[in-house]
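Trainee: I have a new structure to read. Can you show me how to go about it?

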Amino acid sequence: MAKQLKKSEILFLYETSYNIPNGDPFTGEQRYDEETKKILVSDVRMKRYVRDYLNEKGQEIYVVNDKSFAEGDESGSAARIKSLQNKYKAEIEAEQNQAKQQNKPFSPALFSMKKCVDVKLFGGIATGKGDAVNLTGPVQFSLLNSSYNEVVLRMHQNTSVFTSSAENKQGAIGTTTLVPYALVQIHGWVNPKVAEKTGMTEEDLKLMYEGLWYGTSGDGSSHSRSKIGQNSVLLLEIEYAENNQKIYGVDRLIELKPKDDKKGEQLRSMDDYELDFSKLISIAATEKVEKIKFYTEIESVKSKLTGNPKFEAITL
């Protein structure tokens, strides 16, 4: 019998150094809150890390640029559905025949989409005529996630070898802004009721955590010049005792405390600050929390969490 999923909240911390963690799609510049002086990272960016990592590991992914079966001006989702339905044609025909015999409705698009782990995690849409699908995913992240520390963006200029036009004799000059250092916290949620609709399992969730950790640093981020310099720091899953319970301010349970009276914008590595888990440990002691699962490869962080009641180290 499959293990039953529990309602939980996710906190994922990663550091970034002299890069662009999440550029604005229109300008290419780092997303930034002018009032708080903190950088911002979107949920779409984080889901892309997971998808790209799992896709390279051979998992079936729905949101990929697959137009192998596109016709005319078809949308990307319509083309992707065609590709999946061709791949699983035999299974779809068998399911259709069985549904017909049992006088039950059957959606080829939904069947195909549920073959994809990112649909089971994050949901998805299909826009096929007469077989449209709109699935909300059981795993969601905050739309925008901020850094712990304040950041002063640094201007960076570079030149290209190729000229921008035929009449130019020299390469073009480009200007962008970089993040010297930031510790970013991603806040997420797992909804077991929605998981029943998409078919997400405990194993799927573990794959997502693997993709989140290794896709953000290492295999995933290293494919992009603007993402080199990222390292995953800590992954937490706060599991509730009951599905109707809620803890206020989960995203504020971990505090960053600079050393040597440094300001947030002066931080350049984990040597410049400490992470305070006292609020998190106190919350774990309440009846609302069943357990707190954690994964880290940093010994100084692991030592602060190991041995505390209800804290459980996991593997990826």
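This is a predicted model: local features need pLDDT of at least 70, side-chain atom pairs count only at pLDDT 80 or more; totals for chains, interfaces and linings use all residues.

Trainee: How much space lies in the largest pocket?

Mentor: General idea first. Rolling a probe the size of a water molecule over the atoms shows where empty space is left. Here the largest pocket holds about 300 Å³. It is lined by 18 residues, and the closest to its centre are Ser146, Ser147, Tyr148, Gln185 and Asp251.

Trainee: Which strands each supply at least two residues of that lining?

Mentor: Strands S3 (38–42), S7 (144–146), S9 (173–190) and S11 (255–258) do. By type, the lining has 8 polar, 6 nonpolar and 4 charged residues.

Trainee: Now the cores. Which residues have the most contacts inside the largest nonpolar core?

Mentor: In soluble globular proteins, nonpolar side chains tend to be buried together. In this model, the largest such core has 33 residues, and Met46, Val139 and Met208 have the most contacts inside it. Several elements each supply at least two of its residues, among them strand S1 (8–19), helix H1 (43–56) and helix H7 (202–216). H7 gives the largest share, 6 residues. A second, separate core has 29 residues, including Tyr181, Tyr240, Leu253 and Ile292.

Trainee: What does Val139 touch?

Mentor: Leaving out residues up to four places away in sequence, its contacts include Ile10, Leu121, Trp189 and Met208.

Trainee: Last, the sheet. What is the strand order in the open sheet of 3 strands?

Mentor: The order is S2-S3-S7, with antiparallel pairing. S2 (32–33) and S7 are the edge strands, each pairing on one side only. S2 and S3 pair over 2 bridges. Asp33 has Lys38 in S3 as its bridge partner.

Methods:
Residues are numbered from 1 along each chain as its sequence is written. Side-chain values use heavy atoms; hydrogens and water are left out. On a 1 Å grid over the protein atoms alone, a cavity is a set of points where a 1.4 Å probe fits but cannot get out, and a pocket is an open set with protein on both sides within 12 Å along at least five of seven lines; lining residues have an atom within 4 Å of a point. Grid points are joined across faces, edges and corners, and a volume is the space filled by probe spheres set on the points. Helices (H or I, at least four residues) and strands (E, at least two) are DSSP runs, numbered from the N terminus. Ala, Val, Leu, Ile, Met, Phe, Trp, Tyr, Cys and Pro count as nonpolar, Asp, Glu, Lys and Arg as charged, and the others, Gly among them, as polar. A nonpolar core is a set of buried Ala, Val, Leu, Ile, Met, Phe, Trp, Tyr and Cys residues joined through side-chain atoms within 4.5 Å. Buried means under 20% relative accessible area, exposed over 50%, partly exposed in between (1.4 Å probe, protein chains only). Contact means heavy atoms within 4.5 Å. Two strands pair if DSSP finds at least two bridges between them.
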